[in-house]
Amino acid sequence: MRRFVVFGQKATASGDFLFDDLPGTSGRLDVLLRCVRAALLYSHGIRRDVTVYLVLGGGPRAPRVLRIDPRAQFLRPDERSLAILANKVLTPEERASDTSFVEVRPGVSILSGGLAAVLADMRGAPLYVLEENALDLRDDVSLGGPEDAFFVGDHLGFDPHTRAALAEAGGRAISVGPLSLHAEDAITIVSNELDRRGAPRAAWATPGRGTTARRAP
Ligand SMILES: C[S@@+](CC[C@H](N)C(=O)[O-])C[C@H]1O[C@@H](n2cnc3c(N)ncnc32)[C@H](O)[C@@H]1O
């Protein structure tokens with residue numbers, strides 16, 4: 001299972017936020033929810049080989065980790081629906097002390113903990129840290145294994161402790177291009193690169209397949 005792990009330095013680890021002002025009341029949980037969409041969903045489909053971890057570092061219940069895998073039901077691409085899901089999972093008090101992942105609904109799990117708990121769940125997978133100014137992912141031939149785990153920062157990037165811990169755990173820094181992108185866009189580019197590496201070109205570049213490849217009559 002390919003993994004994307006997104007760090008929300010201030011993203012709230014509780015359900016105390018307003019759906020009508022998600023950016024202003026949730027420590028930018030909205031950034032992380034867009035990452036869920038980018039990592040797990042494509043047009044009219046869900047990636048069956050991807051799991052997403054949201055590391056929530058904000059508020060009195062932090063740190064907590066929300067894990068979503070492809071068995072999750074009714075995942076919709078809009079931010080509000082994803083916020084409703086996060087709210088339902090993060091709200092109940094009794095879940096605040098779970099120290100191993102507890103599945104609270106199919107494909108959606110939560111735990112109390114942070115990076116160390118996430119790394120334990122990786123079980124020796126190759127780790128890649130998405131960083132500006134690092135090796136171009138197109139030049140990294142090791143990329144593309146089924147267990148690859150990609151770590152992504154939020155709008156604040158990685159805090160120094162997380163960056164150092166990921167390096168110590170063997171994380172390889174890779175870049176998706178010369179600009180600093182929004183986190184969800186960086187995820188889309190990684191997924192696209194892996195899609196390209198995994199599917200023979202003929203499977204997606206056949207003239208006449210899809211609308212954009214057709215010639216005008
Ligand atoms: C908006 S950026 C963070 C910017 C933040 N101000 C900083 O200096 O770290 C959000 C995250 O997307 C990923 N990202 C953005 N642009 C990238 C790039 N060109 N290559 C690799 N990862 C990138 C990184 O993980 C980054 O932490």
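Q: Which residue meets the side chain of Arg-172 in a salt bridge?
A: In this predicted model, local features need pLDDT of at least 70 and side-chain atom pairs count only at pLDDT 80 or more, while totals for chains, interfaces and linings use all residues. Residues are numbered from 1 along each chain as its sequence is written, and side-chain values use heavy atoms, with hydrogens and water left out. A salt bridge here is a side-chain nitrogen of Lys or Arg within 4 Å of a carboxyl oxygen of Asp or Glu. With an N to O distance of 2.9 Å, the partner of Arg-172 is Asp-140.

Q: How many residues apart in sequence are the parts tied together by Arg-172 and Asp-140?
A: Helices (H or I, at least four residues) and strands (E, at least two) are DSSP runs, numbered from the N terminus. Arg-172 belongs to strand S10, and Asp-140 to the loop between strand S8 (127–136) and strand S9 (149–152), so the parts that the pair ties together are apart in sequence by 32 residues.

Q: Is Asp-140 buried or exposed?
A: Buried stands for under 20% relative accessible area, exposed for over 50%, and partly exposed for what lies in between (1.4 Å probe, protein chains only). Arg-172, at 39%, is partly exposed. The relative accessible area of Asp-140 is 1%, so Asp-140 is buried.

Q: How many salt bridges does the count come to?
A: Another of them joins Arg-71 to Asp-69, with the closest N and O atoms 2.8 Å apart. Arg-71 is partly exposed at 47%, whereas Asp-69 is buried at 10%. By the distance rule the count comes to 16.

Q: In which helix do Arg-34 and Asp-30 both lie?
A: Arg-34 and Asp-30 form a salt bridge whose closest N and O atoms are 3.2 Å apart. Arg-34 is partly exposed at 23%, and Asp-30 is buried at 2%. The two residues are 4 residues apart, about one turn of the helix, and the helix is H2 (residues 29–40).

Q: Within what arc do the buried residues of H4 fall?
A: In helix H4 (residues 115–122), the buried residues are Leu-115, Val-118, Asp-121 and Met-122. Seen down the axis of H4, these buried residues line one face of the helix, because they fall within an arc (taken from the directions from the helix axis to the C-beta atoms) of 120°.

Q: Which residues are exposed on the other side of H4?
A: The buried residues of H4, including Val-118 and Met-122, line one face of the helix. Exposed on the other side are Ala-116 and Ala-120.

Q: What share of the ligand's 570 Å² does the protein bury?
A: Polar contacts, pairs of N or O atoms within 3.5 Å, include a ligand oxygen 2.7 Å from a polar backbone atom of Leu-130. Ligand nitrogen atoms lie 3.4 Å from a backbone N or O atom of Glu-131 and 2.9 Å from a polar backbone atom of Val-176. Taken alone the ligand exposes 570 Å², and the share buried by the protein is 82%.

Q: Which residues come nearest to the ligand?
A: A residue counts as near if one of its heavy atoms lies within 4 Å of the molecule. Of the 19 residues around the ligand, those that come nearest are Leu-130, Val-176, Gly-177, Leu-179 and Leu-181.

Q: How much accessible area do Leu-179, Leu-181 and Ile-189 have together?
A: Leu-179, in the loop between strand S10 (172–175) and helix H6 (183–198), is exposed at 61%. Patches use residues with over 30% relative accessible area and no salt bridge, joining like charges within 9 Å and nonpolar side chains (Val, Leu, Ile, Met, Phe, Trp, Tyr) within 5 Å. Areas follow the Shrake-Rupley method with a 1.4 Å probe, and for residues only the protein chains shown count as cover. The nonpolar surface patch of Leu-179, Leu-181 and Ile-189 has an accessible area of about 260 Å².

Q: What is the phi of His-44?
A: His-44 sits in the loop between strand S2 (41–42) and strand S3 (45–46) and is exposed at 83%. His-44 is a residue other than glycine, yet its phi is positive, near 60°.

Q: Where is the place of Asn-133?
A: Asn-133 is not a glycine, but its phi is positive at about 60°. Asn-133 counts as exposed at 79% relative accessibility. Its place is in strand S8.

Q: What is omega for the cis peptide bond from Ala-62 to Pro-63?
A: Pro-63 lies in the loop between strand S4 (50–58) and strand S5 (64–68). The peptide bond from Ala-62 to Pro-63 is cis, with omega near -5°.

Definitions and conventions
A polar contact is a pair of N or O atoms within 3.5 Å; within protein, one must be able to donate a hydrogen and the other to accept it, and residues adjacent in sequence count only if both atoms are side-chain atoms.
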